[in-house]
Amino acid sequence: MKRRPLIAGNWKMHKTIAETLAYIEAFKPLVAGVEDRDIMLAPPFTALDAAQRALEGSRISLGAQNCHWEEEGAFTGEISARMLADIGVTYVILGHSERRHIFGETDEMIRQKVAAVLRHELVPILCIGETLEEREAGKTFSVLERQLKEGLKGLSAGDLKDLVIAYEPVWAIGTGKTASPEQAEEAHAFCRRLLAEMFGADFAEKIRILYGGSVKPENIVGLMARPDIDGALVGGASLKPDVFARIVCFGRME
Ligand code: PGA
C-alpha cells in the first residue's frame, strides 16, 4: 500500500499577517487541482488565525510550529495545544531541530508535547534527525532510535494512528546540502523497521515519514521515488508560493 504523500511547509519565523494572506491568495490557485496528496502550511502563531480563514474551503491544511504541553497556566510566552485546536489547526510540528538545539528541548519535553497534541486530536509531526557530528561518529541510527523511543514513550498504536514523522538530518537544514535519496531512504527504512518493532508491522506501514532538509523543486522527485519517503517538510523553499507549489506538484508539472 502506498501512503498518501504529505508536502508540508514550515515557514519558521517568517511573514506578517499581510504577507501570509498575499501568499495564500497566490498559492491556492497554483495547487487547486491537486487531489492525490496532502498539503500543509505552518505560518508563525501570529498569522494562524488569519491563515485559517483564508484557507477555508481549500484542501490546504494548517499547521503550527510548536506548542506547550500544559493546557494553560503560568508559562509566559507559550501557546497550548488547546489554543491551537481552537484556531482550527490540523498538524503541529514538534521537536524540530531548531527547538532542540537553539531552545534546549529535550526528548522528554517533546514526548509531553506529543501527548498534549493528541489529547486535542491534532496530528503531531515529530521531527528527528542527527547532527553532522553524530553522523560522522557513526551514531545516526542510535540517535534516531533514542529520539523515536523517547518521543513516543507510553503512547499506543491507537493513540498514534495519524502520527507523522519527519526525518531531518540537522546538517541538511538550511544549508543547501540535501541528504542523497539513498541516505534519506536508509534512515527512513530504519525508522519504519523500528516503528514496526515498537507498534507492529501494520502500524508502521501506515505511518508517513517525511524527509526535511534543503528540499527544492529540483530534488523532490528523486526523494519521492524512494519507497519509504512519504513526503517532505520544507523550510526555505516553502516561503515563495510558486516555488512551494512546484514542490507540491512534483511529478505533475515537470
Ligand atoms: P530547509 O528547512 O528546507 O530550509 O532546509 C527544513 C526544516 O527545517 O524543516
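**Loops, barrel and helix packing**

E121 lies in the loop between helix 5 and strand 5, where helices (H or I, at least four residues) and strands (E, at least two) are DSSP runs, numbered from the N terminus. The phi angle of E121 is near 55 degrees, a positive value in a residue other than glycine. K12, which is likewise not a glycine, has a positive phi of about 55 degrees, and K12 is found in the loop between strand 1 and helix 1.

The model is a predicted one, in which local features need pLDDT of at least 70 and side-chain atom pairs count only at pLDDT 80 or more, whereas totals for chains, interfaces and linings use all residues. Residues are numbered from 1 along each chain as its sequence is written, and side-chain values use heavy atoms, with hydrogens and water left out.

The strands form a closed barrel of 8 strands in the order 1-2-3-4-5-6-7-8, with parallel pairing; two strands are taken to pair if DSSP finds at least two bridges between them. From one strand to the next, the twist averages 25 degrees.

Helix 5 (residues 107-119) lies across strand 4 and strand 5, running at about 160 degrees to strand 5; here axes are lines fitted to C-alpha atoms, for helices over the stretch in contact, and angles run from 0 to 180 degrees between N-to-C directions. Helix 11 (residues 241-248) lies across strand 1 (6-10), strand 2 (38-42) and strand 8 (231-234), and its direction is at about 155 degrees to strand 1.

Turning to helix against helix, the axes of helix 1 (residues 17-30) and helix 2 (residues 48-55) come within 9 Å and cross at roughly 25 degrees. Helix 1 and helix 2 are therefore roughly parallel to each other, on a scale where angles under 35 degrees count as roughly parallel, over 145 as roughly antiparallel, 65 to 115 as roughly perpendicular and the rest as oblique. Their contact (heavy atoms within 4.5 Å) is made by I17, T20, L21, I24 and K28 of helix 1 and by A50, A51, A54 and L55 of helix 2. By class, the residues of this contact divide into 7 nonpolar, 1 polar and 1 charged, where Ala, Val, Leu, Ile, Met, Phe, Trp, Tyr, Cys and Pro count as nonpolar, Asp, Glu, Lys and Arg as charged, and the others, Gly among them, as polar.

A search of the whole structure finds 6 aromatic pairs. The rings of Y23 and F27 have their centres 5.5 Å apart and their planes at 40 degrees, so the pair is tilted; rings of Phe, Tyr and Trp (its six-membered ring) pair if their centres lie within 6.5 Å, and planes under 30 degrees apart count as stacked, over 60 as edge-to-face and the rest as tilted.

Helix 5 and helix 7 pack at an angle of about 45 degrees with their axes 8 Å apart, which makes helix 5 oblique to helix 7. D107, R111 and V114 of helix 5 and R146, Q147, E150 and G151 of helix 7 make that contact, and its residues divide into 1 nonpolar, 2 polar and 4 charged.
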